[in-house]
Amino acid sequence: EFFNLASGRAVSVGFLLNSLLNKTTMKIVIEQDPTRMRQGQIRTVTGDATKAMLTLGWKPVHNLDETLNDILADWRCRVR
């Protein structure tokens with residue numbers, strides 16, 4: 001059985017990227033490659049964790065900022 005674990009709040013990839021960029025002092029240049037852009041891409045997808053909440057009693061305990069901090073810390077350890 002599969003469960004979605006999500007906040008139920010849609011967040012854009014651009015928002016995630018900018019949030020991560022704001023957590024670093026390094027100068028990072030972002031360049032889009034138009035040849036890699038997907039035509040007909042679904043614009044908005046929002047996770048629904050209702051099934052996990054009802055079946056498992058699961059609820060989110062970490063907010064997005066904490067999660068991004070953890071991801072960034074993990075990658076910093078990996079690339080050193």
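My notes on salt bridges, helices and pockets follow.

**Ground rules**

This is a predicted model, so I note that local features need pLDDT of at least 70 and side-chain atom pairs count only at pLDDT 80 or more, while totals for chains, interfaces and linings use all residues. Residues are numbered from 1 along each chain as its sequence is written, and side-chain values use heavy atoms, with hydrogens and water left out.

**Salt bridges**

How many salt bridges does the structure hold? I found three. The term means a side-chain nitrogen of Lys or Arg within 4 Å of a carboxyl oxygen of Asp or Glu.

I started with Glu-1 and Lys-51, whose closest N and O atoms are 3.4 Å apart. This pair links distant parts of the chain: Glu-1 sits in the segment before helix H1 (13-21) and Lys-51 in helix H2 (residues 50-56), 50 residues apart. I had to check what a helix is here: a DSSP run of H or I with at least four residues, numbered from the N terminus. I also looked up accessibility: buried means under 20% relative accessible area, exposed over 50%, and partly exposed in between, using a 1.4 Å probe and protein chains only. Glu-1 is exposed at 75%, whereas Lys-51 is partly exposed at 38%.

Next I looked at Asp-65 and Lys-23, with closest N and O atoms 2.5 Å apart. They also join distant parts of the chain, Asp-65 being in helix H3 and Lys-23 in the loop between H1 and H2, 42 residues apart. Asp-65 is partly exposed at 43% relative accessible area, and Lys-23 counts as partly exposed at 24%.

Then came Asp-74 and Arg-78, at 2.6 Å between their closest N and O atoms. Both lie in helix H3, four residues apart, which is about one turn of the helix. Asp-74 is partly exposed at 34%, but Arg-78 is exposed at 56%.

**Helix H3 and its cap**

Which residue caps the N-terminal end of H3? Asn-63 does, with a side-chain oxygen 3.0 Å from the backbone nitrogen of Asp-65.

**A serine in H1**

Is Ser-19 buried or exposed? Ser-19, in helix H1, counts as buried at 15% relative accessibility. A polar atom of its side chain lies 2.8 Å from the backbone oxygen of Phe-15.

**Pockets**

Rolling a probe the size of a water molecule over the atoms shows where empty space is left. A pocket is an open set of points on a 1 Å grid over the protein atoms alone, where a 1.4 Å probe fits, with protein on both sides within 12 Å along at least five of seven lines; lining residues have an atom within 4 Å of a point.

The largest pocket has a volume of about 710 Å³, counted as the space filled by probe spheres set on the points. Its lining has 19 residues, and Ser-12, Val-13, Gly-14, Gln-41 and Arg-43 lie nearest the centre.

The second largest pocket holds about 410 Å³. It is lined by 19 residues, with Ala-6, Ser-7, Gly-8, Arg-9 and Leu-64 nearest its centre.

Conventions
A polar contact is a pair of N or O atoms within 3.5 Å; within protein, one must be able to donate a hydrogen and the other to accept it, and residues adjacent in sequence count only if both atoms are side-chain atoms. Helices (H or I, at least four residues) and strands (E, at least two) are DSSP runs, numbered from the N terminus.
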